[in-house]
Amino acid sequence: AYLRRLWNFWWKRRSAWESLVMTGDAWSLAGLRPQNHPVRRLAAAAALFCSSKSLYKRFRAMDACPPEKWISTMISTLMETAGDPYWERRLSLSGPPQTRRVSLIGAERAAAIVCNVMVPLMAATGRLKPGSAGIQNHLPAAHDDGVVRRTASALFGRDHNPRLYRTGLRQQGLLQISHDFCENDRSACRACTLPSALAAIRG
């Protein structure tokens, strides 16, 4: 029934969009977990942006929520909006039903969207409150991020205490440092410009 609905929608629009269909060799699937297949990601995006309940309106309606409640509610909202009976039991369009539920957007992915999309959107639109009560100080931490760990090791040494970056905000800071300074540095830290940048900020 699900595939029939998709086909009934697609065939009427096929002539207008068929030239933009991606070819099989455009997909890079090597080493990809089945849960992260691009088709599942497209299904998740469609669920978020084409839901009968506007995700943006729900997002705007929560501006007055306390930070911790805002974050937990947004994570739940993303997971709920992307919920789909078909995809929660399948890893591909034609694959067999799974015995265990496989969410299109799980809690970890939803938390990443909150940190990397929703909160920056609030900052860009002037709705992010500064100070200790702000949402940015309650960002959920990622369970395992190799970039964060590598950047922390470069800054603090291999034997550093991981508690230094146990909060989401500090992890975001390390990601920003990696993006601004580490990704373009080919000197193995010898010519890193971060110290001079910090000195300039301090005046």
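Q: What covers the buried residues of α7?
A: The cover includes α8, which runs over residues 168–182. Keep in mind that this is a predicted model.

Q: Which residues of helix α7 are the buried ones?
A: In α7, residues 146–156, they are Val148, Thr151 and Ala152.

Q: How do you know that they sit on the same side of α7?
A: Look at the arc they cover around the axis: it is only 100°, so they end up on the same side of the helix.

Q: What comes just after α7?
A: That's Gly157, and its phi is positive, at about 95°.

Q: Why is Thr81 called buried?
A: Buried means under 20% relative accessible area. Thr81 has 9%, so it counts as buried.

Q: Where is Thr81, and what does it touch?
A: Thr81 belongs to helix α5. Leaving out residues up to four places away in sequence, it touches Ala47, Leu48, Ser51, Leu55 and Arg58.

Q: What makes the reach from the side chain of Thr81 to the backbone oxygen of Thr77 a polar contact?
A: The distance is 2.7 Å. A polar contact needs N or O atoms within 3.5 Å, with one able to donate a hydrogen and the other to accept it. The 2.7 Å is inside that limit.

Q: How many salt bridges does a search of the whole structure find?
A: Three. The general idea is that side chains of opposite charge can pair when their charged atoms come close.

Q: Why is the meeting of Arg14 and Glu18 called a salt bridge?
A: The cut-off is 4 Å between a side-chain nitrogen of Lys or Arg and a carboxyl oxygen of Asp or Glu. Here N to O is 3.0 Å, so the pair passes.

Q: Are Arg14 and Glu18 buried, exposed or partly exposed?
A: Partly exposed is what lies between buried, under 20%, and exposed, over 50%. Arg14 has 34% and Glu18 has 40%, so both land in that middle range.

Q: What about Glu80 and Arg58?
A: Their side chains also meet in a salt bridge, at 3.4 Å from N to O. The pair links distant parts of the chain, with Glu80 in helix α5 and Arg58 in helix α4 (residues 55–61), 22 residues apart. Glu80 is partly exposed at 48%, and Arg58 is partly exposed at 23%.

Q: Where in the chain are Arg101 and Glu88, whose side chains meet in a salt bridge?
A: The bridge is 3.0 Å from N to O. Arg101 and Glu88 are each in the loop between α5 and α6, 13 residues apart.

Conventions: Residues numbered from 1 in each chain as written. Predicted model: local features only at pLDDT ≥ 70, side-chain atom pairs only at ≥ 80, totals over all residues. Heavy atoms only, no water. Buried < 20%, exposed > 50% of the residue type's maximum accessible area, 1.4 Å probe, protein only. Helix = DSSP H or I, 4+ residues; strand = E, 2+ residues; numbered from the N terminus. Arc of directions from axis to C-beta. Contact = heavy atoms within 4.5 Å.
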